[in-house]
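Please walk through this protein chain with me.

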Amino acid sequence: MSMVEVIFTTNPGIEDIAADEISAKLGARIIDIRKGLGRVVATVPRDSIELIETLRSIHRARILVSRGKVCAEQQCLNGLKKVVTHPDLTKYITPLTSFAIRAERSGLHEYTSLDIARVAGDAVIELVSKAFSERPPVDLDYPSIIVAVDVINEDVLVSIELGGDLSWHRRGYRIYDHPAALKPTLAYAMLVLSGARDGDVILDPMCGGGTVAIEAAYLFEDSEIICMDKNPRHIRGAKLNAKAAQVYQRIRFIVGDARKLSSYIDEADVVVSNPPYGIRLGSPHEVRRVYRDFLQEAVSVVRKSIALITTEHIVVKEVVSKNRWRIVEDRIVSHGNLHPHIIVASPQQ
Ligand SMILES: C[S@@+](CC[C@H](N)C(=O)[O-])C[C@H]1O[C@@H](n2cnc3c(N)ncnc32)[C@H](O)[C@@H]1O
């Protein structure tokens, strides 16, 4: 079977979860997991490439076409041209497919990323013109194919960006943009870490624009999914997003206060949620009181686990352990410019 090497990017902190999904859904072999850097490299059967867009845990994917070395001086750009001039590029770029180069550089070099893009662009035009006796069109705004050229110190990677300029996690259903929305990739990771199974009742009691509930509806066919928020505007937004995601019928929406959870919900198997961060709101004491009240209610309603992404991890650990629950997962991830924890707690057996 023909295999291609693919570089995946994901949210830093969930590389292991992305690697599991990549190998399970694509039948891929994982070559490298760059922990903390949000990168996973895998060899993927060519037949599975079209399944990449079904992955819920990745931001981008690139097929590696060529790799090589380049020195730092101006005259070394000739060496770069040699690395870019790889016959496999003509499988993707022809006189009928417009292309653009996206160049990135890190390290000390006498040339800039603009120089890299110019030399790489000329190399592609020359290569394709030779193969087809006609030039490929360049389109910097809406190219059909994006060739990524990364120069990291002396290493050069030339790859084809799958899915165009937009990261996968930005596409699709976000019609209503909640001001503190969670990345869908993190929502997916939390659902996996919560240990939820299809058929479980899954609740996000502070669901905002509904990211966790929508990802849960994609992941599970038979689960009852509940999206609750105290702000009716966010619930209206979550409904719009769920309609755009075509999972509206799968989710129950409630306007309600998570501090009084038991007056809305009798039982849930799993809570997966992204409560407000005190740091963002500028009132940590008030927010911590909300956490205490909400968690005190949640431990009486939830059967299997509570998974939260939060900067208020200390108060979460304090309340759950006071209620004799145990922490089964605690990891740091990147979320915007913050580094919250994903914490998963379960009742003691
Ligand atoms: C960080 S946002 C959630 C964002 C959401 N994960 C998304 O992707 O859109 C936190 C949400 O908690 C809600 N919230 C805060 N206090 C609450 C409470 N006591 N009960 C219910 N919801 C609450 C806020 O209205 C806000 O929408």
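His313 touches His341 and Ile343, leaving aside residues up to four places away in sequence; contact here means heavy atoms within 4.5 Å. The side chains of His313 and His341 are joined by a polar contact of 3.4 Å. A polar contact is a pair of N or O atoms within 3.5 Å; within protein, one must be able to donate a hydrogen and the other to accept it, and residues adjacent in sequence count only if both atoms are side-chain atoms. With a relative accessible area of 18%, His313 is buried. The word buried stands for under 20% relative accessible area, exposed for over 50%, and partly exposed for what is in between (1.4 Å probe, protein chains only).

Before going further, note that this is a predicted model, in which local features need pLDDT of at least 70 and side-chain atom pairs count only at pLDDT 80 or more, while totals for chains, interfaces and linings use all residues. Residues are numbered from 1 along each chain as its sequence is written, and side-chain values use heavy atoms, with hydrogens and water left out.

His313 belongs to helix α9, residues 313–322. Helices (H or I, at least four residues) and strands (E, at least two) are DSSP runs, numbered from the N terminus. The chain holds 9 helices and 14 strands. How is the chain divided into domains? The domain assignment gives domain 1 (3–168) and domain 2 (172–347); such bounds come from an automatic or database domain assignment.

Two strands pair if DSSP finds at least two bridges between them. Axes are lines fitted to C-alpha atoms, for helices over the stretch in contact, and angles run from 0 to 180 degrees between N-to-C directions. Within the sheet, β8 (residues 201–204) and β9 (residues 224–229) pair in the parallel sense over 4 bridges. Val201 has Glu224 in β9 as its bridge partner.

Because 10 of its 11 residues are buried, α4 is largely enclosed by the rest of the structure. Among the buried residues of α4 are Pro184, Leu186, Tyr188 and Met190. Gly195 follows α4 and has a positive phi, near 80°.

Now turn to another sheet. This open sheet of 7 strands runs β2-β3-β1-β4-β7-β6-β5, with mixed pairing. Its edge strands, β2 (29–34) and β5 (99–106), each pair on one side only. Neighbouring strands are turned by 30° against each other on average, direction ignored. Helix α1 (residues 15–26) packs on the sheet and touches β1 (3–9), β2 and β3 (39–45), its direction making about 5° with that of β3.

Strand β6 (residues 145–152) pairs with β5 in the parallel sense over 8 bridges. Ala103 stands opposite Val149 in β6, and Phe99 has Ile145 as its bridge partner there. Between β5 and β6 the chain crosses through helix α3 (residues 113–132), and this β-α-β crossover is left-handed. A crossover is right-handed if, with the strands pointing away from the viewer, the path from the first strand over the helix to the second runs clockwise.

How many residues of β6 are buried? The count is 7 of its 8 residues, and the strand is mostly covered. β6 also pairs with β7 (residues 155–162), in the antiparallel sense over 7 bridges, with Asp150 opposite Leu157 in β7. The two strands β6 and β7 form a hairpin with 2 residues between them; Asn153 in the turn has a positive phi of about 55°.

Last comes the chain as a whole. Taken over C-alpha atoms, the centres of domain 1 and domain 2 are separated by 35 Å. At their contact, 11 residues of domain 1 meet 15 residues of domain 2. Of the 349 residues of the chain, 54% count as buried.
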